[in-house]
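Hi,

Here is the structure I said I would pass on.

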Amino acid sequence: MFGLVDANNFYASCERVFRPALEGRPVVVLSNNDGCVVARSQEAKVLGLKMGVPYFQVREQFERQGGVACSSNYELYGDLSRRLMWYLQQVAPAVEVYSVDEAFLDLHGMTRHFNLANWAGDVRGAVRQRTGLPVCVGVAPTKTLAKVANRLAKKEAIAGSGSGVLVLEDDAQRREALARVAVEDVWGVGRQSASKLYAVGIRTAAQLAGVGDAWARKNLGGVVGARLLHELRGISCSRVTVEDEARKSLCCSRSFGKVLTEFEDVVGAVATHAARASEKLRDQNLAAQLLTVFVETSRFAGTPPPYSYSSQLTLTMATDDTLTLTRAARRGLERIWRPGLRYVKAGVLLDGLERAGSGPQAMLFEEAKRIPERAKLMAALDALNGRYGAGAVKVGAAVAAPGKPEPWAMKRDAKSPAFTTKWVELWGVKC
């Protein structure tokens, strides 16, 4: 058996954890620079707000209806996601983190010891108690059916007619559930496939499960289509995958809160991204061999292309050192800098990732003699930022002029505090 735990309206729910006054009110979360709606509470969905709509187009009406817009607070969302996944890893034999707000659980063998419906209900309650996040749980013999069960559990919970948990243990339950799910809502069925299925009269997941394997291979992507049918019929074709391999690349980038034209301002943005990427490397025990810097101008400014410029540097040896990577990022930016252009975005991409300290060529270079000292420096840097909040200690290039805001910072006028990751923004309790 497989379980799928999915947080309801994750970003909006994260905002409500520490702001209970938002409970029951329409809430939306906005994209970078407060541009578009990227997350909605159930109340906002009922009002008809669409994903991706520019907020300025709906702001006046939304606020008249009592809605609240929040700037994206990725520090808060990331921390609550980590807490959710950590707890799930304590209660299931294996966990596949599928996205920031959902995870597959391997429940094989647990039916001998637990009533899975009661167990899933206990997990749902514990998650709410520990993190404040509302979740729904679907349990079924395959990952695809677990997705179906979770979807129906969430639908019933929203309607007030369900517990937020649905377990599909036998064929009768499976068939009844599939009959309630539109074919376009099946995990693995894209828009084009859904249109093709509708054209031949297949509108529900139950109807899809009843087509022949040969037809599925011909019309739904070969073996992938046949596996989808088997999963819908209760025959597992995939397993929970616990990620244990090093990632292949790592990118940090953001659009600017305003157009930048000065080199030192863009350097500050690039250095900020390089430093953040370095922290991620150390957190995952990785080192990078290649660094790419890129900048972008606006595609809507009326100027001819190109709109993007990039430069790749090969490092002397794979590293996770903030100072080394920020210096390399500056050199890369110097190569592609074009005076007079109006830049709207910059980023740093790290490739050639390997486990830190695994490079056999490292000891051939003089620079290797400084590795222990620099490792201690980076550990101290991470410890200070961990204790006093991200960005408490920065490289000089990433620091704005005294008394001035960072010119490259995103526009986040409605950002909630970092309730769990910065000491100065933690809740205070008055006795």
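**What I found**

Beyond its neighbours within four places in sequence, Ser13 is in contact (heavy atoms within 4.5 Å) with Asn8, Leu133 and Pro134. Before you read on: this is a predicted model, where local features need pLDDT of at least 70 and side-chain atom pairs count only at pLDDT 80 or more, while totals for chains, interfaces and linings use all residues. Residues are numbered from 1 along each chain as its sequence is written, and side-chain values use heavy atoms, with hydrogens and water left out.

Back to Ser13, which sits in helix α1, residues 10–17. Helices (H or I, at least four residues) and strands (E, at least two) are DSSP runs, numbered from the N terminus. Ser13 counts as buried because its relative accessibility is 8%; the cut-off for buried is under 20% relative accessible area, with a 1.4 Å probe and protein chains only.

Helix α6 gives the most, with 9 residues. By type, the lining of the second largest pocket splits into 20 nonpolar, 8 polar and 16 charged residues. Here Ala, Val, Leu, Ile, Met, Phe, Trp, Tyr, Cys and Pro are nonpolar, Asp, Glu, Lys and Arg are charged, and the others, Gly among them, are polar.

**Two asparagine/aspartate spots**

Asn33 lies in the loop between β2 (27–30) and β3, and its phi is near 60°, a positive value in a residue other than glycine. Asp34 is placed in the loop between β2 and β3 too, and its phi, near 55°, is also positive in a non-glycine residue. Buried or exposed, what is Asn33? Asn33 counts as buried, because its relative accessibility is 18%, and Asp34 is buried at 15%.

**Helices α13 and α14**

Helix α13 (residues 322–336) packs against helix α14 (residues 371–388) at an angle of about 90°, their axes 9 Å apart. That makes α13 roughly perpendicular to α14, the label for angles of 65 to 115 degrees. Axes are lines fitted to C-alpha atoms over the stretch in contact, and angles run from 0 to 180 degrees between N-to-C directions. On the α13 side the contact is made by Thr322, Leu323, Thr324 and Arg327, and on the α14 side by Arg374, Leu377, Met378 and Leu381. The residues of this contact divide into 4 nonpolar, 2 polar and 2 charged.

Leu381 of α14 is buried, with a relative accessible area of 15%. Not counting residues up to four places away in sequence, Leu381 touches Arg282, Thr322 and Val393. Leu381 and Gly391 are 10 residues apart in sequence and 9.8 Å apart C-alpha to C-alpha.

**Last one: Gln289**

Gln289 is in strand β10, residues 286–297, and is buried at 16% relative accessibility. Its C-alpha atom is 4.2 Å from that of Ala318, 29 residues away along the chain.

Cheers

Terms used: Buried < 20%, exposed > 50% of the residue type's maximum accessible area, 1.4 Å probe, protein only. Parallel < 35°, antiparallel > 145°, perpendicular 65-115°, else oblique.
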